[in-house]
Amino acid sequence: MISGNSTETVNNVFLFILVIAIVLLISITFTMIYFVVKYNRKNNPAPENIESNLMLEITWIVVPTILVLAMFYYGWSGFRFMRTAPENAMTVKATGRMWSWQFEYENGRKDAELRVPLGKPVKLLITSADVIHGLYIPAFRIKEDAVPGMQTFLWFLPDRAGEYDLFCSEYCGTQHSSMVSKVIVIPQKDFDSWYTAVAVKKGSAHPQGVKLLEEKGCLDCHTTDGAIGVGPSFKGLFGRRVIVIAGGKEREVFADEAYLKKSILHPGADIVNGFTDIMPPQSDNMSEEEISEIINYLKELK
Ligand SMILES: [Cu+2]
């Protein structure tokens, strides 16, 4: 059974240190002002040699030592609590990539938002597919770097229903500031029905493609409604003529399957005129089948 949560733990340590700091600030400032008045030259024309005061010296060694050790103990026990995930925690794999998060559940379900059941501890196994990112959930006072080739972790107890911000806390490139997601805390039964259902976008013959675009983070930069994002919109892309810059020269290409596939795997090869070369290659992010699912869906977006 776990008692407490990361939010309370961090808040309590923070308040404890803050109160000590405020008390010290006020008492030191007032003592200083008092001494300036009491010991100024006008009041003490002849300098005086002040001998030691044993009690005072013991006090100013013992009291700060106790305070500092108390701060350390309080912080350390909180840290230990936050670094020991409960056995019954639900495990979710979190992968950061330029510039989105992907959460993968034990049953294989993937999503760009972190949906968790109310009252059940969650353990996040964190890694990165490219550069260093940082998984940061301010509401639960937890933050941990996502490092390529390494697994780090975080755990928290979602004990309040609602939606909370989830940020990337390491500057990771052009779209770092839009690498924002959400933690959605919902009752267990709502979570169960979401967990077992497969997201289907109504009216599409290729729901898998829509789901993939969301999961893989494509929609962080590209839209499906014609609006210009960081990258060109997917709407009406298939079958159109596109002006691209390749090797510094402009040329016109036909957006067929081969072009779309090439632009997913080697985005830097043909940069659509007016955009910049910032998209990371998706060869490690998508399988052949996933790419063809996505292309099938892009064909629909007339
Ligand atoms: Cu990032």
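**View 1. Lys261 and the residues it touches.** Setting aside residues up to four places away in sequence, Lys261 touches Ile291 and Ile295. Like everything in these views, this comes from a predicted model. You can find Lys261 in helix H5, which covers residues 257–265. Along the chain, Lys261 and Ile291 are 30 residues apart, yet in space their C-alpha atoms are 7.0 Å apart.

**View 2. Helices H1 and H2, packed together.** Let's turn to a pair of helices. Two packed helices are described by the angle between their axes and the distance between the axes. Here helix H1 (residues 6–38) and helix H2 (residues 54–82) have axes 10 Å apart, at an angle of about 170°. H1 is therefore roughly antiparallel to H2. On the H1 side, the residues that meet H2 are Ser6, Thr9, Val10, Val13, Phe16, Ile17 and Ile20. Their counterparts in H2 are Leu67, Met71, Tyr74, Gly75, Gly78, Phe81 and Met82. Sorted by class, this contact has ten nonpolar residues, four polar ones and no charged ones.

**View 3. Helices H4 and H6, crossing each other.** The axes of helix H4 (residues 207–215) and helix H6 (residues 288–300) come within 8 Å and cross at roughly 110°. That angle makes H4 roughly perpendicular to H6. H4 brings Gln208, Gly209, Val210, Leu212 and Leu213 to the contact, and H6 brings Glu290, Glu293, Ile294, Asn296 and Tyr297. How do the residues of the contact of H4 with H6 divide? Five are nonpolar, three are polar and two are charged.

**View 4. Strand S1 and its partners S2 and S5.** Strand S1 (residues 90–97) pairs in the parallel sense with strand S5 (residues 122–128), over seven bridges. Look for Gly96, which stands opposite Trp101 in S2. A hairpin links S1 to S2 through two residues.

**View 5. An open sheet of five strands.** Follow the strands across this open sheet and you read S4-S10-S9-S6-S7, with mixed pairing. The edge strands, S4 (114–117) and S7 (142–146), each pair on one side only. On average, neighbouring strands of this sheet are turned by 20° against each other, direction ignored. Inside the sheet, strand S9 (residues 162–168) and strand S10 (residues 181–186) run antiparallel and are joined by five bridges. Here Leu166 stands opposite Ser181 in S10. Helix H3 (residues 188–196) lies across S4 and S10, and runs at about 130° to S4.

View 6. In soluble globular proteins, nonpolar side chains tend to be buried together. The largest nonpolar core of this model has 19 residues, and those with the most contacts inside it are Ala94, Leu124, Ile126, Leu135, Leu154, Phe156 and Val183. Two or more residues each come from S2, S4, S5, strand S6 (133–137), strand S8 (152–156) and S10. Leaving out residues up to four places away in sequence, Ala94 touches Trp101, Phe103, Leu124, Leu125, Ile126 and Leu135. A second, separate core has twelve residues, among them Phe234, Leu237, Phe238 and Ile291.

Conventions: Residues are numbered from 1 along each chain as its sequence is written. This is a predicted model: local features need pLDDT of at least 70, side-chain atom pairs count only at pLDDT 80 or more; totals for chains, interfaces and linings use all residues. Two strands pair if DSSP finds at least two bridges between them. Helices (H or I, at least four residues) and strands (E, at least two) are DSSP runs, numbered from the N terminus. Axes are lines fitted to C-alpha atoms, for helices over the stretch in contact, and angles run from 0 to 180 degrees between N-to-C directions. Two residues are in contact if their C-beta atoms, placed from the backbone, lie within 7 Å. Angles under 35 degrees count as roughly parallel, over 145 as roughly antiparallel, 65 to 115 as roughly perpendicular and the rest as oblique. Ala, Val, Leu, Ile, Met, Phe, Trp, Tyr, Cys and Pro count as nonpolar, Asp, Glu, Lys and Arg as charged, and the others, Gly among them, as polar. A nonpolar core is a set of buried Ala, Val, Leu, Ile, Met, Phe, Trp, Tyr and Cys residues joined through C-beta atoms within 7 Å. A residue is buried if 20 or more other C-beta atoms lie within 10 Å of its own, exposed if 12 or fewer, and partly exposed in between; C-beta atoms are placed from the backbone.
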